[in-house]
Amino acid sequence: MTVLDAALHPIVEAMSVPTELLVGGAWRPAGTGRRLEVSDPATGTVLATVADADSSDAAAAVDAAAAAAPDWAATAPRIRADLLMRAFALMHDRREELALLISLENGKSLADARSEVTYAAEFFRWYAEEGVRLRGQVGMSPSGANRLLVSYQPVGVSVLITPWNFPAAMATRKIAPALAAGCTTVLKPAAETPLTALAVAAILEEAGLPAGVLNVVTTSTPGPVVGTMLADRRTRMLSFTGSTEVGRLLLRTAADNVLKCAMELGGNAPFVVLADADLEAALEGAMIAKMRNGGQACTAANRFFVHADVHDAFVDGLVARMAAVKVGPGPDEDSQCGPLINAEAVRKVDGLVRDAIERGARAVVGGSPADGPGHFYPPTVLVDVPLDARILHEEVFGPVAPVVGFEREEDLLALVNDTEFGLVSYLYTADLARGLRLAEGIESGMVGLNRGLVSDPAAPFGGTKQSGLGREGSTEGLLEFLEAQYVATSW
Ligand code: NAP
């Protein structure tokens with residue numbers, strides 16, 4: 001199954017991570033023989049090279065998915081569910097090695113990587129359970145003349161595209177519902193973190209997945225490779241997680257083939273602390289919402305709005321916590337915040353911080369990139385951030401917390417909703433009714449009410465506005481990969 005190559009890092013070799021394309025049940029090199037380097041963002045060390053697919057490999061992957069589609073759609077839900085449950089168990093058993101792999105190629109701390117593996121594996125279990133519970137409907141038309149029968153059928157060949165920030169969870173959050181629904185798939189993971197996706201594919205293979213049901217294409221040329229797959233008439237679905245910018249582009253491409261699209265895009269989460277909030281709980285939630293994955297999460301708290309009565313106390317608490325965060329390579333057991341994914345990410349975060357400071361903000365802790373090696377940026381708290389600073393309007397994707405004070409609750413919703421994004425918001429208050437009332441006015445698909453973490457495989461994850469279309473997780477995530485078919489009849 002595994003094809004090793006000379007450039008493998010010893011740890012990656014010890015884990016027997018595949019490094020070739022998975023097409024039609026065979027691990028094989030790219031047609032051109034080209035390779036793509038994967039490196040550790042903490043040190044720059046090359047961990048492995050993986051096959052670098054081009055459009056002809058992409059076409060072969062769609063061929064394989066299309067060939068496997070009829071049998072997989074006809075496979076009993078229970079058999080599909082048993083397979084997903086075996087994949088869940090295997091992922092669980094391999095938690096430590098998968099966490100190390102994630103930490104190596106993505107840079108996140110081992111603690112974050114372990115949480116990710118647990119979260120990622122849960123999608124296999126949740127959809128194993130969900131896939132056998134799918135129900136249709138039988139009803140009578142309002143006129144009484146006809147019966148309306150509704151059943152759900154797999155949408156068909158699905159192209160799954162994932163980002164580097166949660167290389168395991170973003171893959172399983174798509175693969176599990178697609179497979180449970182009876183769809184065959186081609187997964188294109190991010191170029192920075194293909195090893196985790198390949199390791200997850202190997203687990204599914206070990207769990208007994210038939211050839212062609214999941215194909216994996218790694219590439220350094222995502223535009224033409226994905227374009228080929230989306231243009232193929234047999235492809236019926238695009239499930240994308242990544243930036244709003246690339247999402248917009250792919251929606252345009254998908255329009256030509258009128259594909260069903262599920263889009264999980266960028267965020268700009270507000271974190272609101274009202275005057276009556278439990279400050280310790282708010283600070284604890286703030287650290288989770290800001291620092292999970294070193295701030296490189298679509299759900300990361302991006303803008304802190306803190307009531308004037310508690311502003312200084314909140315800032316003091318946040319600064320103390322951020323200053324105490326241990327920054328270092330993810331695989332070091334005691335590091336709590338790893339590097340950013342690449343040099344460009346550091347430049348982008350630094351640019352946002354510089355812009356805020358030029359407009360009058362102050363860095364109370366952090367505020368400039370660490371010296372190399374590795375792509376490190378220190379935990380940073382900015383205060384007195386003016387409302388026109390770019391950092392309040394663009395996704396930071398780094399360990400920087402810009403804090404803005406506010407006085408009137410009436411102004412809050414306008415502040416919070418002043419963004420084209422609408423993924424998640426966080427709100428801390430001791431008054432549940434007040435929290436629920438405000439939550440109703442917040443334009444986001446998810447709200448953490450006195451919680452700094454919302455992700456749960458059983459909950460519908462997704463955004464409004466330019467944060468996306470559709471939901472992942474929960475029953476809604478399964479419905480994304482299904483088409484309702486209605487039969488009109490009478491008896
Ligand atoms: P990205 O640059 O948009 O890339 C996402 C995926 O799209 C990668 O696999 C990438 O491949 C591919 N891609 C890039 N350009 C493409 C093109 N022209 N055609 C087809 N595919 C293309 O995003 P990212 O930097 O990996 O991830 C960070 C973003 O993802 C953030 O905005 C974050 O908020 C968002 N995100 C959203 C969610 C959510 O659930 N809403 C979850 C996680 C992350 P390459 O790696 O080769 O560029």
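**Exercise 1.** Describe the volume and the lining of the largest pocket, and find where it lies.

*Solution.* The largest pocket has a volume of about 1,200 Å³, where a pocket is an open set of points on a 1 Å grid over the protein atoms alone, reached by a 1.4 Å probe, with protein on both sides within 12 Å along at least five of seven lines, and lining residues have an atom within 4 Å of a point. The volume is the space filled by probe spheres set on the points, which are joined across faces, edges and corners. This is a predicted model, in which local features need pLDDT of at least 70 and side-chain atom pairs pLDDT 80 or more, while totals for chains, interfaces and linings use all residues. Residues are numbered from 1 along each chain, and side-chain values use heavy atoms, without hydrogens and water.

Next, take the lining: it comprises 45 residues, with Trp 164, Gly 242, Ser 243, Glu 245 and Val 246 nearest the pocket centre.

Finally, domain 1 (2-265 + 467-488) and domain 2 (269-456) both contribute lining residues, so the largest pocket lies between them; these bounds come from an automatic or database domain assignment.

**Exercise 2.** Which residues line the second largest pocket, and where does it lie?

*Solution.* The second largest pocket, with a volume of about 260 Å³, is lined by Ser 109, Ala 111, Asp 112, Ser 115, Met 287, Ile 288, Met 291, Arg 292, Arg 321, Val 325, Gln 336 and Cys 337. Because domain 1 and domain 2 both give residues to its lining, the second largest pocket lies between them.
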